[in-house]
Amino acid sequence: MQIDIHNLSFAYGHRSVLNNLSLSLAPGDYLVVKGKNGSGKSTLVKCILGINPVKTGMIFFDHEDINNFSKWPLFGYVSQKFEEFNYEYPVTVNELLSVYSLKNTNQSYRLKLLDQLGILDIINENINNLSGGQLQRVFIARAMLNNPEVLILDEPTASIDKLNTEYFYRTVNQLNGQGITVILITHTDSLAHMNYSHVLSLNLDMTYQFQVRDKCDLEEVEKI
Ligand SMILES: Nc1ncnc2c1ncn2[C@@H]1O[C@H](COP(=O)(O)OP(=O)(O)O)[C@@H](O)[C@H]1O
Ligand SMILES: [Mg+2]
């Protein structure tokens, strides 16, 4: 999906958070959004997802204005606050994913996804018994279930250890290598293991830098 943001500004009431931000991403790009706490990273992705209504500036998906856009299942999103997920029933991982499958996603695709994310062994586990890192990967699997074109991950490694963080970024590189556009927010992680194509750095004074770089060959990144 082509994503074009033109002169986006956003405020919560009188609190301005984004000022005149513009960027474009082509299908298959991998954008890392960096910046200190409070710099507006989550706010920006909530604007892209239509959670924060855009009043100043414009956002287009494949040249369609966000206000007319309806193909939201093309976005897979794992919010920063996935841990606040409210468990109403003691369901298993597999049951949770079934509920979120829009089409009849076949079971073999689901198994492949869980395997790729390294959580196949917990498919029949009660979700209340999972560690933060496992739960986070279940949510990524959920975001991937309906074959999104864009995967948005807001501080996805906050509750995983260093080794699993590297492993996780490898998985994101692979998903991106399959053509999925990735928008990944981080404020602490090194970019060493990410095969990103663009970096957006947000500053607390609402200025920003948007940089492009050539992606590496995936095998080269794996060796790092
Ligand atoms: N729903 C909200 N209502 C009012 N202010 C908010 C809301 N969400 C975020 N903010 C404020 O907007 C600023 C940017 O927040 P956020 O986008 O969450 O930053 P980041 O994700 O970079 O840490 C912060 O000052 C935060 O307090
Ligand atoms: Mg945030």
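Here are a few notes on the sheet, the ligand shell and the nonpolar core of this predicted model.

1. Let's start with the sheet. Its 4 strands are ordered E2-E1-E4-E5, the pairing is antiparallel, and the sheet is open. Strand E2 (15-25) and strand E5 (64-65) sit at the edges with a single partner strand each, so one side of each has no neighbour in the sheet.

2. A closer look at the E5 end: strand E4 covers residues 56-61 and runs antiparallel to E5, with 2 bridges joining them. On the E5 side, glutamate 64 is the bridge partner of phenylalanine 61.

3. Now the ligand. The residues around ligand 1 are Tyr12, Arg15, Val17, Gly35, Asn37, Gly38, Ser39, Gly40, Lys41, Ser42 and Thr43. Two elements, E2 and helix H1 (41-48), each supply two or more residues to that shell. H1 has the largest share, at 3 residues.

4. The largest nonpolar core counts 49 residues, and Leu31, Ala141, Leu151, Ile152, Val182 and Ile183 have the most contacts inside it. Helix H4 (residues 132-144) is the top contributor to this core, giving 7 residues.

5. Setting aside neighbours within four places in sequence, alanine 141 is in contact with Leu97, Leu113, Leu114, Leu117 and Ile119.

Methods:
Residues are numbered from 1 along each chain as its sequence is written. Chains are lettered from A and ligands numbered from 1 in the order in which they are written. This is a predicted model: local features need pLDDT of at least 70, side-chain atom pairs count only at pLDDT 80 or more; totals for chains, interfaces and linings use all residues. Two strands pair if DSSP finds at least two bridges between them. A residue is near a molecule or strand if its C-beta atom, placed from the backbone, lies within 6 Å of it. A nonpolar core is a set of buried Ala, Val, Leu, Ile, Met, Phe, Trp, Tyr and Cys residues joined through C-beta atoms within 7 Å. A residue is buried if 20 or more other C-beta atoms lie within 10 Å of its own, exposed if 12 or fewer, and partly exposed in between; C-beta atoms are placed from the backbone. Two residues are in contact if their C-beta atoms, placed from the backbone, lie within 7 Å.
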